[in-house]
Amino acid sequence: MYILGISCYYHDSSAALLKNGKIVAAAEEERFTRKKHDNSFPINAAKFCLKSQGISIKDVDYVGFYEKPLLKFERMLSQHMQSFPKSLKTFLSSMPSWMNEKLRIMSPIRKKLKYQGDVLFIEHHMAHAASSFLVSPFKKAAILTVDGVGEWTTTTYGLGEDNNIELMKEIKFPHSLGLLYSTITAYLGFSVNNSEYKVMGLSPYGDMNPLTNKYYKKLQKVIDVKSDGSFKFDMSYFKFHYADRMPSKKLCQLLGSPVRKGESEVGQRHKDIAAALQMVLESIMTKILNHVHKVTNCENIVLAGGVALNSVYNGKILKNTPFKKIWIQPNATDGGTSIGVVSYIYNVILGKKRTFVLKDAFLGPGYSTETVKKFLDKNKIKYSTFKNDKELVDTTAKLLAESNVIGWFQGKMEWGPRALGSRSILSNPCNPEMQEILNLKVKHREKFRPFAPVVCEDDALKYFDCDKPVPEPTDYMLMVYPIFKEWRKKIPSVTHVDGSGRLQTIRRSQNKLYYDVIKKFGSHTSIPILVNTSFNIRGEPIVCTPHDAYKCMMGTGIDYVVMSNFLIKREDNQRDIWDSEKLAID
Amino acid sequence: MRLVKDFFKGFFKGMKNFGTNISMIVNSILLSVVYFVGVGLTAIFAKLFRKKFLDLKLNKQVKTYWKDLNLKKKKIDDYYRTF
């Protein structure tokens, strides 16, 4: 039995395919169209899913969609009627896409996919909940979903047991932690639904003491939080329910200045506001999780929704709440709901037993050695060939120890926003200049942004003050932990200003070559940790094909690409060099 | 030949932009009518009858803002609906 899941028309469209209870393929549309956060109908992602299994759309038994579009439309109309006549501008800008696409979702499914079978619609937050619980290792778990907004819901909690999910309580639009984070992201001059993680990365530069950070007290005025973590906003501080600009004048007055302009300097007050926002979020989330534990009396928690990508807070959950185990899927945001949809249809609606646990994120397209060789030869690219895996591992580790920047293109592409060792840029974390080299020459991004360390799972507890045992979401770079003090100066490129690192742990069973390179690098430097950042230029999606990877290397300061078992040196291919800096816009 | 090709390329591009702009103007006019007549009248009547479409008011007295959802497995027919 095959089930195809679709998520689209908000941000990060995706498709996922389930075969007899197992997720066999999943990818986001942006990787194919090369438009970051592409929200169009994921026809390329769907075609990839089908092709990966050698099937056609006729073999698919059900197609599932990640929300109930009419309920969402009802919410949109309610917003406009509540805010009449202030909402005219957003009404004019949003209605054409509702009329042409969102309300006519059956049209692309029938016409573009050429699918004539059954289509099922799952509530948005149920799709989130299913995307996490049904592929988790837990038989029973409390579930918390927190995002911007689905149809009406912004936050839910409930319980999952075997192949059943019950979402018990909700908080409705416009009261939304995701939209609060996005509003302050917009206030700080960063792009919404894209740069929230930058605000999270900026927060440790600010005053993280709630007693001395004046913005913390100010932001508390904006929200009424009850002891069980439920909350409501004073909507006079916000405009997102009727305008495309998110913070209101009153919020700007409260925070003491107008919205920061895009490329202007990030000052200390911006850092303090980011810190205040992070502290507010953490305080509310802790209250919610304590309440959810009290209600469900369950020691396992699964999280989903965009807020579950807040890795800084995720790393504190087990310390600050009674939960003992945590699980988050690698693509916790809207893009990840397509795997929720297919799992929900198979396990809950059709009542089939759960037999699948997501053990790694490698669900995207992969390219055989022959395909890569054909690409290199056809484009007359100069390269050398590794004789075997040992030579590949030894050479790559040696180049990394010499502080070269390596593009690492191996196996199937990752599912979710993080590069986890299939489409990664790797480098030496012991080199104190590496953060600046990567930020300016390769990624063309803001100086304040830290890089992530990757460490073998069996070494993690030596360097990082993780929860024990190391939680599985750490494999997906979803947990930030403090680096032990004695190591901070030895790995400066991955040590954030507060001494933390957003680490990725890797198990050999997940990605043998990647694991071996890290270990071998450790034998050269005595520290088996690498810098791992996504293989892309700022503002572009992570590379998907050999062509994307080669183009990215030639446009940046990446020294080598290890692609399948071929080594390509940038200097050997001078004729293809170009400058990607002007493209580096979010 | 190339000049002719370039002319038609530019011509079609211009026509496409013209079409896009025209449809944007027509859309805006029609949608403005819908907005002021449909949304506007409903909003005015709703205000007269004190109907609220969004729950915007804070209530310091209540103990919780959590609302019952009780969302669980439904009959398969319910999932065929877009609402």
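## Domains of chain A

In this predicted model, chain A is divided into domain 1, covering 2-135 together with 337-349, domain 2, covering 177-328, and domain 3, covering 369-583. The C-alpha centres of domain 2 of chain A and domain 3 of chain A lie 30 Å apart, and the contact between these two domains takes 15 residues from domain 2 of chain A and 16 residues from domain 3 of chain A.

On the side of domain 2 of chain A that touches domain 3 of chain A, at least two residues each are supplied by α8 (196-202), α12 (311-320) and β12 (325-328) of chain A. The largest share of that side comes from α12(A), which gives five residues. Sorted by class, the side of domain 2 of chain A that touches domain 3 of chain A holds 10 nonpolar, four polar and one charged residues.

## Overall build of chain A

Chain A contains 20 helices and 22 strands. Its radius of gyration is 23 Å, close to the 25 Å that the globule rule gives for 586 residues, so chain A is as compact as a globular protein of that length. Taken along the principal axes, the C-alpha atoms of chain A fill a box of roughly 65 × 60 × 45 Å.

Of the 586 residues in chain A, 57% are buried. Among the contacts in chain A with a separation of 6 or more, 73% are accounted for by residues 24 or more positions apart.

## Contact between chains A and B

The contact between the two chains takes 34 residues from chain B and 43 residues from chain A. On the side of chain B that touches chain A, α1 (2-48) and β1 (67-71) of chain B each supply at least two residues, and α1(B) gives the most, with 10 residues. By class, this side of chain B has 17 nonpolar, eight polar and nine charged residues.

Strand pairing also links the chains: strand β8 (residues 164-172) of chain A and β1(B) pair in the antiparallel sense over three bridges. Within this pairing, D68(B) in β1(B) is the bridge partner of K169(A).

The buried residues of α20(A) are P546(A), D548(A), A549(A), Y550(A), C552(A), M553(A), M554(A) and G555(A). What covers these buried residues includes α14, β14 (406-409), β21 (560-563) and β22 (566-569) of chain A.

Helix α3(A) has 15 residues and reaches 21 Å from its first C-alpha to its last, close to the 21 Å expected at 1.5 Å a residue. Its buried residues are P69(A), K72(A), R75(A), Q79(A), H80(A), M81(A), Q82(A) and S83(A), and the buried residues of α3(A) pack against α4 of chain A together with α1 of chain B. The latter helix, α1(B), is the element that gives the most to the side of chain B that touches chain A.

## Backbone exceptions

Most residues other than glycine have a negative phi, and most peptide bonds are trans. The peptide bond from F84(A) to P85(A) is cis, with omega near 5°, and P85(A) is found in the loop between α3 (69-83) and α4 (88-100) of chain A. The peptide bond from K468(A) to P469(A) is likewise cis, with omega near -10°, and P469(A) is found in the loop between α17 (460-463) and β17 (481-482) of chain A.

The loop between α17 and β17 of chain A also holds M477(A), whose phi is near 60°, a positive value in a residue other than glycine. With 26 C-beta neighbours inside 10 Å, where 20 or more are needed, M477(A) counts as buried. K380(A), which is not a glycine, has a positive phi of about 50° and lies in the loop between α14 (369-378) and β13 (384-385) of chain A. K380(A) is exposed, because 9 other C-beta atoms lie within 10 Å and a residue is exposed if that number is 12 or fewer.

Terms used
Residues numbered from 1 in each chain as written. Chains lettered and ligands numbered in written order. Predicted model: local features only at pLDDT ≥ 70, side-chain atom pairs only at ≥ 80, totals over all residues. Helix = DSSP H or I, 4+ residues; strand = E, 2+ residues; numbered from the N terminus. Domains from an automatic or database assignment. Contact = placed C-beta atoms within 7 Å. Nonpolar A, V, L, I, M, F, W, Y, C, P; charged D, E, K, R; others polar. Pairing = 2+ DSSP bridges. Expected span 1.5 Å × (residues − 1). Rg over C-alpha atoms; globule rule 2.2 N^0.38 Å.
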